[in-house]
Every structure is written in structure tokens, then in C-alpha cells.
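Subject: Structure for your review

Dear colleague,

Please find the structure below, handed over for your use. My notes on it follow directly after.

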Amino acid sequence: TPSRVLAIDPGNQHVGVAWFQRYDDGWNCYAVAEETPWEFASSVDLWLQQGGVLDCLVVEQFTLYGDTAMTQVGQEFVVVQLIGILRYLGMRSGVPVHLQPASIQKPTQAALRVNHIKSRSRQHRAGPHAFSAELHGWYYILRTLQEQASPEAMR
């Protein structure tokens, strides 16, 4: 079971990032940020080369929907490129990459309210992509791992 998770909301211009750590009394999101895609990819590469820094990458997956497909014509699909880079870096370093749909965000917001978990990205006004990344991290922890938040996460 992982104890250090990096949750990621990949974007064309902004990548949301949320760092999670498991402590004796549960999980806490201890840092959030928004970065540019290529600087972020370079940072992840360095962290994974160091070893022991991350146990799992949780990434919002990309889905092309039929009703919006035509608006994507001519796009470079930076999000898709970044997800591919993250999957490769994870495979190369032996760190699993867990993809999740964007649809987990609304139910996870409700789960945060029910569990009295405070959003670090909202507290620090880190931006919408950071909030999305944080939601992906909490979903992974609460639903996939079925583990709890620490009391610190509720302050």
C-alpha cells in the first residue's frame, strides 16, 4: 500500500498537483500547486529518478467526448502527451500510475464535506487545477485504498 501519493490534474497550460502522505493517524494533503506541463514533467522525472520519493501517481485521464470532439480539431493534445510521459516515467521507475475519470470530482467534493476534510487548495487559493488534483488524490485514498484522512486534514 502506498504512503506517498502525487495526484495530478493535467492541463494544456496548468497542471494541478497535490501531494499526499500517510501518517500513523491517516492521510493528509500537505502541498498543492499549479505548474506548467513541461516543467512539471521534468520535475516528476527528477523525483522518480531519486527513488523513494513517490509510491503512486494518480492522474485524471483524458476522454474525448463526441459532443466536443470538433472543438479539438487542430489541437496538440498537450494533456494526452503529458499523460503518456507520466505513464512512461512511472513504468521506467516502477511507480504505478492510476488513471481516474474526471467524473469522480463531484462525489469526492461531497465525501470531503461528509468526512469534514478541509481542502488545502481552497485554503491556500492554489487554483482550480490544484483543487481538481486534490479531489483525485482524496478519491484514490478514500475510495480506492479505503483509508481515512488524518485529524490534521480536518483542520
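Two strands are taken to pair if DSSP finds at least two bridges between them. Helices (H or I, at least four residues) and strands (E, at least two) are DSSP runs, numbered from the N terminus. The model is a predicted one: local features need pLDDT of at least 70, and side-chain atom pairs count only at pLDDT 80 or more, whereas totals for chains, interfaces and linings use all residues. Residues are numbered from 1 along each chain as its sequence is written, and side-chain values use heavy atoms, with hydrogens and water left out.

**Strand β4**

β1 and β4 run parallel and are joined by 4 bridges; I8 stands opposite V59 in β4. β4 also pairs with β5, again in the parallel sense and over 4 bridges, and here E60 stands opposite Q100 in β5. Of the 5 residues of β4, 5 are buried, where buried means under 20% relative accessible area, exposed over 50%, and partly exposed in between (1.4 Å probe, protein chains only). C56, V58 and E60 point one way from the strand, while L57 and V59 point the other way.

**Helix α2**

Helix α2 comprises 16 residues (78-93), and its end C-alpha atoms are 22 Å apart, in agreement with the 22 Å that it should span at 1.5 Å a residue. The expected span of a helix is 1.5 Å times one less than its number of residues. Its buried residues are V78, V79, L82, I83, L86, L89 and G90. Seen down the axis, these fall within an arc of 135 degrees, so they line one face of α2; the arc is that of the directions from the helix axis to the C-beta atoms. The buried residues of α2 pack against β1 (4-9), β2 (15-23), α1 (37-50), β4 (56-60) and β5 (97-100), contact meaning heavy atoms within 4.5 Å. G94 follows α2 and has a positive phi, near 80 degrees.

In α3, the buried residues are Q105, T108, A111 and L112. They cover an arc of only 110 degrees around the axis, which puts them on the same side of α3. K106, R113 and V114 are exposed on the other side of the helix. The buried residues of α3 pack against β4 and α5. Just after α3, H116 takes a positive phi of about 60 degrees.

Helix α5 (residues 128-144) has 17 residues and reaches 23 Å from its first C-alpha to its last, close to the 24 Å expected at 1.5 Å a residue. α5 is mostly covered, with 12 of its 17 residues buried; among them are F131, E134, H136 and W138. Q146 follows α5 with a positive phi, near 55 degrees.

**Residue S119**

S119 lies in the loop between α3 (105-114) and α4 (120-123). With a relative accessible area of 11%, S119 is buried. Which residues does S119 contact, leaving aside its neighbours within four places in sequence? They are F131 and E134, both of which are buried in α5. The side chain of S119 makes a polar contact of 2.8 Å with the side chain of E134, and another of 3.1 Å with that of S121. A polar contact is a pair of N or O atoms within 3.5 Å; within protein, one must be able to donate a hydrogen and the other to accept it, and residues adjacent in sequence count only if both atoms are side-chain atoms.

With kind regards
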